[in-house]
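Student: Could we go through this model together before I set anything up with it? I would like to start with confidence and then turn to the fold.

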Amino acid sequence: MTPALNKSLPDFEAIATGGVKFTPQAFVGQTVVLYFYPKDHTPGCTTEAMQFRDTHKEFLNAGAVVFGVSRDNLASHDKFKENLDLPFELIADTEEKLCHMFGVVKNKIMYGKKVKGIERSTFLIGPDGVLREEWRGIKVAGHVEDVLKAVQSLKREAA
């Protein structure tokens, strides 16, 4: 079941780099940015990760924690994180549980063949555990700035 805007997230647990167990309950009180991307070490995903990295301090200052999510395993994530010096954790969704929960698995045509892929998407979860905003099928250029503005706006609302 895909989480609905302005509704609490269902219970789930996911394993991230750094030995972090992600559950919505573990981050109540903090704004959470979950960004889904297709694959570690690919050009668009590298650019997106670097943009989140380069604005990470602003996300922290606005009270948000950032997590990247893909179907890659922890070993791939660890290498990707190390290569790019990412200051946030990456969730390994190897069984596609989160991808299906958030409805980001899409059929794509690649080289004339139908394949299942991840639609680049970002979800903003408020400090109360409620899904506040979502961006689906996004282009990398300018996206991180849009998410940061939404996070800062959420912080102003809470103040």
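This is a predicted model: local features need pLDDT of at least 70, side-chain atom pairs count only at pLDDT 80 or more; totals for chains, interfaces and linings use all residues.

Student: What is the average pLDDT of the protein chain?

Tutor: The protein chain averages a pLDDT of 91, and 98% of the residues score at least 70. pLDDT is the predictor's confidence in each residue, from 0 to 100.

Student: Which element has the lowest mean pLDDT?

Tutor: Strand S6 (residues 105-110) has the lowest mean pLDDT among the elements, 79, whereas strand S5 (residues 89-92) has the highest, 98. Helices (H or I, at least four residues) and strands (E, at least two) are DSSP runs, numbered from the N terminus.

Student: In what order do the strands form the open sheet?

Tutor: The order is S5-S4-S3-S8-S9, five strands with mixed pairing. The edge strands, S5 and S9 (131-136), each pair on one side only. From one strand to the next, the twist averages 20 degrees. Two strands pair if DSSP finds at least two bridges between them.

Student: How many bridges join S3 to S4?

Tutor: Six bridges join S3 to S4, and these two strands run parallel; Phe 36 stands opposite Val 69 in S4. With strand S8 (residues 121-125), strand S3 (residues 31-36) pairs in the antiparallel sense over five bridges. In S8, Leu 124 stands opposite Val 33, and Thr 122 is the bridge partner of Tyr 35.

Student: Why is S3 described as largely enclosed?

Tutor: Six of the six residues of S3 are buried, so the strand is largely enclosed by the rest of the structure. Buried means under 20% relative accessible area, exposed over 50%, and partly exposed in between (1.4 Å probe, protein chains only). Thr 31, Val 33 and Tyr 35 lie on one side of S3, with Val 32, Leu 34 and Phe 36 on the other, and both faces are covered.

Student: Changing topic, where is Thr 17 found?

Tutor: Thr 17 is in the loop between strand S1 (14-15) and strand S2 (21-22). Thr 17 counts as buried because its relative accessibility is 1%. Leaving aside neighbours within four places in sequence, Thr 17 is in contact (heavy atoms within 4.5 Å) with Leu 74, His 77, Asp 78, Lys 81, Glu 89 and Leu 90.

Student: What is the phi of Asp 85, and is this residue buried or exposed?

Tutor: Asp 85 has a positive phi of about 55 degrees although it is not a glycine. Asp 85 counts as exposed because its relative accessibility is 61%, and its place is in the loop between helix H3 (74-84) and S5.

Student: And what about the phi of Glu 96?

Tutor: The phi of Glu 96 is also positive, near 65 degrees, in a residue other than glycine. Glu 96 lies in the loop between S5 and helix H4 (97-101) and, at 12% relative accessibility, counts as buried. Most residues other than glycine have a negative phi.

Note on methods. Residues are numbered from 1 along each chain as its sequence is written. Side-chain values use heavy atoms; hydrogens and water are left out. Axes are lines fitted to C-alpha atoms, for helices over the stretch in contact, and angles run from 0 to 180 degrees between N-to-C directions.
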